[in-house]
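Please look over the model below before reading my points.

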Amino acid sequence: MAAPGSRAEPEFLCSYEVSRPVYSELAFQQRHERRLQERRTLRESLARSCSCSRKRALGVLKTLLPILDWLPKYRIKEWLLNDIISGVSTGLVGTLQGMAYALLAAVPVGYGLYSAFFPILTYFVFGTSRHISVGPFPVVSLMVGSVVLSMAPDNHFPMLSGNASALNTTVVDTVTRDATRVLIASTLTVLVGIIQLVFGGLQIGFIVRYLADPLVGGFTTAAAFQVLVSQLKIVLNVSTQNYNGVLSIIYTLIEIFQNIGDTNLADFIAGLLTIITCMAVKELNDRFKHRIPVPIPIEVIVTIIATAISYGANLEKNYNAGIVKSIPSGFLPPVLPSVDMFSQMLAASFSIAVVAYAIAVSVGKVYATKHGYAIDGNQEFIAFGISNIFSGFFSCFVATTALSRTAVQESTGGKTQVAGIISAGIVMIAIVALGKLLEPLQKSVLAAVVIANLKGMFMQVCDVPRLWKQNKTDAIIWVFTCVMSIILGLDLGLLAGLLFGLLTVVLRVQFPSWNGLGSIPRTDIYKSLTNYKNLEEPEGVKVLRFSSPIFYGNVDGFKKCVKSTVGFDAMRVYNKRLKALRRIQKLIKKGQLRATKNGIISDVGSSNDAFEPDEDIEDPEELDIPTKEIEIQVDWNSELPVKVNVPKVPIHSLVLDCGAVSFLDVVGVRSLRMIVKEFQRIDVNVYFALLQDHVIDKMEQCGFFDDHIRKDKFFLTVHDAILYLQSQAKSQEGQDSLLERITLIQDCKDPLELMETELTEEELDVQDEAMRRLAS
């Protein structure tokens, strides 16, 4: 037993020992043949994609019409009763939510019933989720309402009456206004559907991946705040202007508080009681969901009670309460959208289309994962596109899914979209039979129902501290998107959040993590020297791991990582060596130094001005002092006979761990090539490890390899490269790899200029030639 306070030794489940050759990429490819990739021509690809068989045709048909796949497998005895119970419960909730969310869309409440009915009919056929409840959602409805209010504000519909003229006030023509707003909302719905259908046809359902969870969380929380403010004026029954655009929510809040003295007490009390009651019962439903077979439909109960009280007490006449007044009975005939409006709402329709789709797919994936099936993102685009186009012709506003309705449909035992069709039947009954009965209902009650359903979205604020602990970047994205959506409005706020999220990705790629590596003794495991103790660095070798693709945006960062790892700048070392060689040559010509086979020595009795400051201006005159050709040696790590500060180079090899390099562009390949050449000129070899095959292919296509940069410097693993270097060191034992052999000739007529800036590859070659001319 271990002593108290001592560190217990870890238990290893198993161990392994492998004996194999040290593989470079060249050796591996010579021993193991690569599989040839079949390359089809464009004609062959088109012929293959256009070919058809019975099996393939059936598969395509089931993809476009998912109902053909799941309906024949429907288990009537096991599922039908659950779907009926679920459909009735969801239909009751959907009826009230449809009416309530119509207030957000700025259309008469009766049209919310249509929006809760028609989209279900087509999604039943084309959708792939079995559990989501299709219909209005507060965030999307509010985005629709902002477009409607911007295109049809109250001041566009004046109607002067006798009394109004005497009082110098303008009365709004509500009939014309409401008809125009319904047309705008339905036209927008058709355009959103067209965009979604095009996106689905182009197979770009991946677009929702760029709406990260923190971004969606911040956006929906801001939308919930906007919904709260928009419904607050209805609960208080105070009038405000219709603000749109930047800071509109702030202006609305200011005007609400300015007019708060005009609050209608009957509406305020009814709304407040509705909010308290709905939230309390919802909390009970959630807390006792395992004991209650069916959630209490508190919205329905409250609506019935509020309607009865309003009718019995005649709240409109006695207390001037705002009531629904008019709900159309039965279905309206289809109406063609106003195509002329498309250009005015195109930008907003894109954001609505993407947000509506993202919400539906996010919710659908949650329940698909829970129940063990998959949804098709591209088909969901098509399904909602068709649903919105179809419902737009019947005076509906944009449909997606609502979290609360979907939760009701799933928790009450719903198995398939049969429950959705049954819920649509309940809504249809409400449209046909109950419309007139709900006319005395106060609007404040419907607004309160909307507010009560915002709790889940507001609770997302609690995610911020957790995100901050897990990933600060995600927390910043959440807060930034939320703030921008409140200040700029939902459409611009979403765009700002999306761009900010992409910017963080770019910055993380541009400034990636990197580590110098060391090995755990007697293993092939290499870990960060910064993060782990007791690691060994191979003598004369540095190992660098760069955790990012290498492309034009981060090549400068990559070069800085290389300099930090090796501890010197290869270009500066080479420049200083050139300067030292030039001074040595100059002093030899003056007769102050002599070159021998043992090195460079000073002449006895002569004044040696070599140890002058490095900054002194050199003599521009060319001295013609004949010398005979002698082979000498310069040890760059020892004291030089000239006072030039040449940085020491303590390594002979650099190994780049490129396992995390997923791609290279042309700039990245060119930069790597220049780095290799810079190090080669100061007798440091660069080796590569763990490069993926397609990255090596890209380097080959970009002309990376030549006679000096060969594939035998590429290794399968870091350990392969280290073992190779160790074997090379043993074979060259006794030789000093840091000595440079220089041959001096009688005269050098081409003076060299020091390099103060980074050179191109061609300039590097010119310098190599100059170095050889100096040394010979």
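1. Basis. This is a predicted model, in which local features need pLDDT of at least 70, side-chain atom pairs count only at pLDDT 80 or more, and totals for chains, interfaces and linings use all residues. Residues are numbered from 1 along each chain as its sequence is written, and side-chain values use heavy atoms, with hydrogens and water left out.

2. Strand 11. This strand spans residues 653-657. Helices (H or I, at least four residues) and strands (E, at least two) are DSSP runs, numbered from the N terminus. Five of the five residues of strand 11 are buried, so the rest of the structure largely encloses it. Buried means under 20% relative accessible area, exposed over 50%, and partly exposed in between (1.4 Å probe, protein chains only). Ser653, Val655 and Asp657 point one way, while Leu654 and Leu656 point the other way. Both sets are buried.

3. Partners of strand 11. Strands pair if DSSP finds at least two bridges between them. Strand 7 (residues 541-546) runs parallel to strand 11, and five bridges join them. Here Val543 stands opposite Val655. Strand 12 (residues 685-689) also runs parallel to strand 11, again with five bridges. In that pair, Leu656 stands opposite Phe688. The chain gets from strand 11 to strand 12 through helix 27 (residues 666-680), a right-handed β-α-β crossover. Right-handed means that, with the strands pointing away from the viewer, the path from the first strand over the helix to the second runs clockwise.

4. Asp683. Where does Asp683 sit? Its place is the loop between helix 27 and strand 12. Asp683 has a relative accessible area of 33%, so it counts as partly exposed.

5. Ala106. The phi of Ala106 is also positive, near 65°, and this residue is not glycine. Ala106 lies in the loop between helix 5 (76-104) and helix 6 (110-115). Is Ala106 buried or exposed? Its relative accessible area is 14%, so it is buried.

6. Asn285. This residue lies in helix 13 (residues 265-287). Its relative accessibility is 13%, so Asn285 counts as buried. Which residues does Asn285 touch, not counting those up to four places away in sequence? They are Ile292, Pro295 and Ile296. Contact means heavy atoms within 4.5 Å.
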